[in-house]
Amino acid sequence: MSLIASNLCLKADTEYHLNDVCFEMSKGEIYTIIGRTLAGKTTLLKTIAGLIAPDSGTLNLDGSDFGRIPVWKREVAMVYQQFINYPHLSVYENVAFPLKQRGILKTEIHNRVMKSLLQVGLEGFEERKIQALSGGQQQRVALARSLVKEANIVLLDEPLVNLDYKLREQLREEFRNIFTAKASEDAILIYSSTDPVEAMQLGGQILVMDEGRILQQGNAKAVYENPSSAKVSQITNDPAMNLFEGTVAEGKIILSPQIQFDLPRHCQELPPEKYNFGLRAAAITLDEGGFPFTIELSEISGSETFLHLKHEHVKVVGLLDSVQNFNMGETVMARFDTTHLYAFATDGTLKSSPYSGMK
Amino acid sequence: MGLLYTCLKYLVVSLWSIFVIAPFLWAISTSFKDFQSVTNGATYIPWVDFEPTLEGWRALWKSPAKGGVDIVEPFFNSIFVTCAGSLISILLGTLAAYALSRFTFKAGFIRNSDITFFFISQRIMPPVVLAIPFFIMLGKFALLDTLLGLIVVYIVLLMPIAVWIMVDFFNKVPREIDETALIDGCNPYQAFYKVVLPNSIPGIIVAGMFCLIFGWTDFFFSFILTFTEVQLLPVAIVALNSSITPWWSLSAAALVSVAPLIAVAFVVERYLSKGNLSGALK
């Protein structure tokens, strides 16, 4: 089974919500659509679900025109980022709802509902009203309802985004196991997220979206290692990959009169001209042998510290794997690990990657 | 300071309660009086100030020929016209409101909000402006002085209230609920009556209450558009007010006229507190 989108376009006024979107998705895989807010992720999911009709382009499922099937006849399930359930029904009735719509026998409905509730850890909650559940439990009900249908395509629109941090971490792990099991049942699972960490954790295939366009498509590792453009590198990293302008000249990379370093091995063949160089936060550390930077902001996140550093026009974020306190305006020496340096042309396309060398 | 505030609060509430309840007490007391008790100065406490009698209440069922005031027929006319008008208004108003809330209508410069305003604008005009057109139109269709004519007029008058309240209510129901119902296998009509409608009961009840109140208390149109064949309760009660007003029967009739609304309010109040959408979108 494969879902093929060809040239999907959707325009509202002058703005593209979907801009020539093409992809092919196969059964048994998890696909993560990653992009910033308003990138077109939800629009794409709703288009696949049939809730939005594109201006042009086609959707094919196993060779048949999927776009012509009305939404209520499509074998699709969807979980929203808001916890959408039917408030007038109990947990059991909520999960059973799509099966009742199909006219399935009561005994089978019961078996499938109980199986789904067990999968999401809600056994014993059957008679509860939705209003009596916590946010996490409500989202589990929505997930159970999407699983019970045993649909060919399961769409998950940032299902964890409205949960608190702790619960999100817990559910992410649980959901990953459920999704992996679901994907192995010959379904196509499409998960949208703004969080690169979530996308990488889920593994599978990644589609990077921005302004309604798919910028890159590939497996998680490949996209992480070789982002096709500077934009992709920013979307798929948290914090976003540091990008700074520099010039290649005489075997060196010159960022400013004070910040110059030798071309790393994978960038040796870069012709001398201007580039946008990229370096992940983890590749910038404090070292006495580094370059002088002023601390603009210091953020402690869990057991790590993010340092926002500035030197003339060069602004970067460094990551320390310990909790440290700094004063704003303090000068520190920061070292760039150039073995992890990316080089992008001024138009944003990848020119050199530490994982695959010159492009 | 706290005690003073509490006392002041109770005093204001008590005064307001007296202001609201006093007319009812007056009507209840008067409805159990007879000619002597009403005309021989002010009396308040039954069995002490006056001997209570059911004469005023009995007269409500008697025909005028037998000394009664006969409000039975106007009472049931009112119930029929108000209920029919309200039900049809709610039915049509809810459908119109759902469409206005969920679909985008464009016709020249007219948008959804303009259509909603068009509905409610009919209630902004003074009733007298509508009276003559209604009179002429009902006359043309031979509906003057008929229950059907009044129902038609009440639908026109009540539907804007239903649309106005329900548009606002549907706008607060997340669209994602409809979408989820569609994805779960409902066609658009099923999504409406299986999912959206059950979650809109509080809004429908509020709209229904307003329709019932406005319909039940209307005097103007039932007075203008009926003559001899059909009479509604407000007109019948006002008709009792003459040079020889039977105040005891008038009071009993007034109490009968408010009783249905009080009963409806008590029943409906339970449903109003029950339904909410907190589980739909946290």
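In chain B, take the contacts between residues at least 6 apart in sequence: 72% of them join residues at least 24 apart. Two residues are in contact if their C-beta atoms, placed from the backbone, lie within 7 Å. This is a predicted model, where local features need pLDDT of at least 70 and side-chain atom pairs count only at pLDDT 80 or more, while totals for chains, interfaces and linings use all residues. Residues are numbered from 1 along each chain as its sequence is written, and chains are lettered from A and ligands numbered from 1 in the order in which they are written.

Chain B has 13 helices and zero strands; helices (H or I, at least four residues) and strands (E, at least two) are DSSP runs numbered from the N terminus. Its radius of gyration (over C-alpha atoms) is well over the globule rule (2.2 Å times the number of residues to the power 0.38), so chain B is more spread out than a compact globule.

| Chain B quantity | Value |
|---|---|
| Radius of gyration | 24 Å |
| C-alpha box along the principal axes | roughly 70 × 65 × 35 Å |

Now for where the chains meet: 24 residues of chain A are in contact with 20 residues of chain B. On the chain A side, strand 6 (76–79), helix 2 (91–101) and helix 4 (135–148) each supply at least two residues.

Over in chain A, an open sheet of six strands has the order 6-7-8-3-9-10, with mixed pairing; strands pair if DSSP finds at least two bridges between them. Strand 6 and strand 10 (213–219) of chain A are the edges, each pairing on one side only.
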